[in-house]
Every structure is written in C-alpha cells, then in structure tokens.
Amino acid sequence: MLFSELAGYFEKLEAISSRLEMIDILAELFRKVKKEEISKTIYVMQGVLAPPFANLKLGVADKIIEDAIALSVNVPKHEIEKVYKKLGDLGLTARQLLEGKSKITPIGARDRSVIEIYDTMTKISSLSGKGSKDMKIRLLSNLISASSPQEAKFIVRYALGKLRLGFGDYTILEALSLASTNERKFRQELERAYNICSDLGYIGEILYSNGEEGIKHMKVTLFKPIRPALAERVATFHQIIDKMGGNFAVEQKYDGFRCQIHKKGDEIKIYSRNLDETTSMFPDIAEEVRKNIKEKEIIFEGEAIAFNEDTGEFLPFQETIQRKRVYGIQEKIKQVPLHLFAFDLLYLNGESYLNKEYSKRRETLEHVLKGVNLISPANRILTGSEKELERFFDESIENGLEGIVAKSLASHYIAGARKFTWIKMKRSYRGELSDTIDLAIIGYYIGKGSRTEFGLGGLLCAVYNKKRDMYETVSKIGTGFSEAEMAELKKELDQIKSNSKPIRVDAIIKPDIWIEPKYIIKVRADEITKSPTHTCGMQNGIGYALRFPRLISDGSVIRKDKSAEDATTTDEIINMFKQQKLSSIKDN
Ligand code: ATP
C-alpha cells in the first residue's frame, strides 16, 4: 500500500466521530493491506515502531522536525516557528508550508509505500551519537519534500510520536475481525491471542499468514509479555468468602513493581505491569534468575519490593521507587535492596501454564524457586474461614503491606482481564472508599483566582468503558495538587491538547481544554453517587460520579506505569457503587 493511500484513510478517520463507522473504515483499509505489510501498517496506525516492550521508541525532537521542514520547503527556520506558533501542530505546519511553497523535489522522487516510510522512521530512531542529528534532518527532509501536503502532515506527526488517531487496541482488533471474517465476533479470539502476546502487529501477521486457525492456536512466546491478570475488589471479608466458595488461597499484597520475568537459557528480560521492558532496573533480580533458577525456559510473575533481609521488614513504596532511575542503579542495589515475591507461573520449558489450576501453578513455582535467595514465593495461607482471613489481613497491614489478594484454587490465569478469581482487599479508611481509583485525564480547567498563575485549576477525568472502547467522565478534580505539581502537569498536558472533544471521549460537561486520553492519576473519594452530568455507566440520563474526589500523589501526579486504557473501568465503578450500598445496609 502506498503511504498516500494510508494518509487518505487517516484524514477520513480524523473527521469521524462514530466508533462503528471508524471500525468500518479501518476494516476497509485492512482488506487492502497485503500479508507482508500488515504488521508495519498496524504499527504506523498505532503511531509506534513496535509494541512497548520492544523499547523501540519514536519521538524526534521538535527542533529537528523544524529543521527538516525548513530544508524541504526552503524557508528560513524562523518562518517555520511562526507558522508552528500559530497552528500549534508541526504536522499542520508542514502541510501548510507544502501547500504554499514550490518544493524542491529530489531527483527520483516517487510514491513511497507504507513499508518504506516505516523503515525510514526505524532508521531515524536508531541513529545516535555524532552527526546523527544532521542525518535525521536529512532523512526526514527527504521524506517531506517528496510528499504531498497531506502525507507530510502525518509523516511529521508520526516522527514526533504524536499520531494520535484516536482509536485503541480493541478498535483495531474489531476492525481486523471484520476485515477477515466479515463479522465482529472474531474479536474475542483475537483478544485472547492479543492477551498472550501484547503485540498487535504480530497478531496481524499471524492472521494474514495462518488465518483464523493461526490465531486460535497461538501460543505463549518467550520475550513477548503476557497481558497481566488483574484483581477485582469487594467491600467485606464476607464477600470474599461468598465469591470464593470453599477453600481458597490468600496471599500478601506487596506494593512494589510488578515484574513479569522471561528466561531462556542465559537471556533474561523483565517487563512491567504496563509491559515496558524494565530489565535494566533490576540487574540483581535478573542475575539471581540467571544463576539460581535452573529451568531452561520460564515465565513467572512477582512483585519486587524494598525489603530488609536482616529484619524481614517491608519498606514503603517511596523506598522501592528509588529503583526507577537510569543511572546509579548499582549504588541503589546496595542502599535499597529489593526482594521479589513471586506469585504466579505462566510458562515452563515449552509448556503454557495459563490453563492449569492455580494450585498446580503455585506448587510448581515453589519447586522451581528452591535454593533461590532473592526470590521467594509470596507468603500465603489456605483457608475458608472469615476469621482466619481477617487475621491474615490485619497481620499483613501490621507488617507494612498493602493488603491481601485472595485467589481461587481451581482458577486458570486469565490474561489481560480483571476477574473474581483474584480478589484484592486493601486497608480501608472510615468514610472513604477502600480502594483508590485510576482516572484518565481528558480535559482541564484554566485556573482562576489564586490559581491563575499556574494556568490550571482542575481536571476533568474519565473511566474507561472497555466494551465501548470509550472514556466516560466521572469526576472533576481540583484538590490534592501542590502548586508546583499544577504547573508541571499543565506543561505535560499542553503537549497532548486536542482542539475538539477527543473521539473516544463521551462527555456532557465541557472542560476549557480537551486532552487526548493518555495519562492516569490516582484518586481517592468518599463514595460513588448517581449523577445526571457524568457519562460513566449512563443509562436513561443517569450516570455515576465520585463524591469528594482528591488526587493522591506518590511523588508524581501522573502514574507513568499505566496507560489510559488501564483506567478504572465503568463496570468497576458500578460494582463499587453496588458494594457500597450493600455495606451501608449492613452497617445500619
Ligand atoms: P493497584 O493500584 O491496587 O496496584 P492495579 O490496577 O495496579 O491496582 P490490581 O489488579 O488492582 O492492579 O492489583 C493487583 C496488583 O497488585 C498487581 O498488579 C500486582 O502488581 C500487585 N500484587 C502484589 N502482591 C500480589 C500478589 N500476591 N498477587 C497478585 N498481585 C499482587
């Protein structure tokens, strides 16, 4: 496929506000893409070079793009800056300048394919060191000068890492389903396959090469992280007993970094909850796996937490987070030693463990970890009694932990989903919801009164409705920020401003400035109430909202370990609302 054709589709997609129509257009596009092109086309559509775990990031600096545009349209740089200032978008700047100027077309310029554009971007992102800046400018300017204004707009946005066409992973999966089977329901199979490889390009490739059967038989692959299983929440111990029925396991809940560890011989890679590769943060844990885990191939999960091996004390998250750094890791290993509490086994020597029962996974995990020092199985009890459950919870809190996770003994590992096979319970405060809520920022209000100078007075936030692949508003938030945090946040948000309501946002209320859903904040609230103004779970004009919401900042306002689709979901809010009703009935 030619890039000009893809750019034409992008332009169409930008103008559409209905998700169903968007899926139809994407499916039409997918039907035209060839087998050899599908993975790269999907990455371009996502605005990336590879899935997040591949650590292959786009993101050419503004200044380099400005130079490249200047060179390709033969206009001085200050002119470019002027237009950029007016339009606020370098993609639009390139388009306008190409429309207005006669460009210097390089000899041999011709239509380029999507693959050529992708390959050039990959080359650009791989350049570093002396002379790389000039080389980047030259490569980009060659691309721009051989482009139509419309192509240039999207090439520039792609290079910046800001393509933002407004559709999420599940929209792409649904469109792939429609394109390949003429029906939407194959999305479920595609989703299952996606949950065990986390790579949409790869899904496209398998679908186009091996068809539906290829997707149905897709296997766990080393160094392609599995999307993590997540825990549901309930309000009372009694509800845990109810949901689990019979005996179950209760593990301590550690508040550290989730690590999914892949080992093949001596090669070790670690992935975060968000599926970024984080191996370089944990050289001590990687070395321990290399040296002391004897199995040839393994994928297992655990939580790394700052831990005093001498006293058995768990340290607070503020200590653990010090590992999140690029330099000085070796020093930190000494100052803040971590311990990994392993809680699941996903794969062992060629065999997937996802569809084995929890009891079997745990038993094998314990066996594998014999003789390993820095890693041990999560502490747990097996019980069916409410009293014991409560005692174990209190003990965990007393030891400085976050709470517990109850796990059903017969359950499989359900990748990429939040199910009642895992139920978490955290310390609850009177008059507060027992759990914090993760919200996606979708807009902000310009500061007034004492907040004028920060330019930001509050946020409009949303939960994620997975079924609709839409963000639904649930709260405005104006408390919990320091002044410095507000100023900092405004800077970050201004980079992803949107001129109109982002396509996947469903809102009745309007903020002063719309923001593309990208960042997550952590919020605490007193309760959930019904609301006629928020669209979260809205039915017959009534949705849900948070009462007395306030931001929780653990050193940083934005939770960088999560992406917008990790926001608390609409279903979770509705469940929390129901639970709160239940527990207030009990209290009375
Ligand atoms: P939270 O903000 O509570 O960590 P989350 O959205 O990141 O929530 P949840 O599913 O709500 O994820 O809680 C599970 C998280 O708890 C896991 O992602 C994992 O990092 C951590 N965790 C700590 N101990 C355990 C354990 N024993 N079993 C499973 N997960 C655990």
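**Notes on the predicted model**

1. In this predicted model, an open sheet is built from five strands, whose order is β1-β12-β11-β2-β10 and whose pairing is mixed. The edge positions are taken by β1 (230–233) and β10 (380–383), each of which has a single partner strand, so that one side of each is left without a neighbour in the sheet. On average, and with direction ignored, neighbouring strands of this sheet are turned by 35° against each other.

2. Helix α18 (residues 386–398) packs on it, touching β2, β10, β11 and β12, and its direction makes about 140° with that of β11. Helix α13 (residues 237–244) lies across β2, β11 (403–408) and β12 (418–426), and runs at about 160° to β12.

3. A separate point concerns helix α7 (residues 114–126) and helix α8 (residues 132–145), whose axes come within 10 Å and cross at roughly 165°. Since angles over 145 degrees count as roughly antiparallel, α7 and α8 are therefore roughly antiparallel to each other, and the crossing in which α7 passes α8 is left-handed.

4. To this contact α7 contributes Ile-117, Thr-120, Met-121, Lys-123 and Ile-124, while α8 contributes Met-135, Lys-136, Leu-139, Leu-140 and Leu-143. By class, the residues of the contact of α7 with α8 comprise seven nonpolar, one polar and two charged.

Notes: Residues are numbered from 1 along each chain as its sequence is written. This is a predicted model: local features need pLDDT of at least 70, side-chain atom pairs count only at pLDDT 80 or more; totals for chains, interfaces and linings use all residues. Side-chain values use heavy atoms; hydrogens and water are left out. Two strands pair if DSSP finds at least two bridges between them. Helices (H or I, at least four residues) and strands (E, at least two) are DSSP runs, numbered from the N terminus. Axes are lines fitted to C-alpha atoms, for helices over the stretch in contact, and angles run from 0 to 180 degrees between N-to-C directions. Contact means heavy atoms within 4.5 Å. Angles under 35 degrees count as roughly parallel, over 145 as roughly antiparallel, 65 to 115 as roughly perpendicular and the rest as oblique. A crossing is left-handed if the near helix is turned anticlockwise from the far one by less than a right angle, and right-handed if clockwise. Ala, Val, Leu, Ile, Met, Phe, Trp, Tyr, Cys and Pro count as nonpolar, Asp, Glu, Lys and Arg as charged, and the others, Gly among them, as polar.
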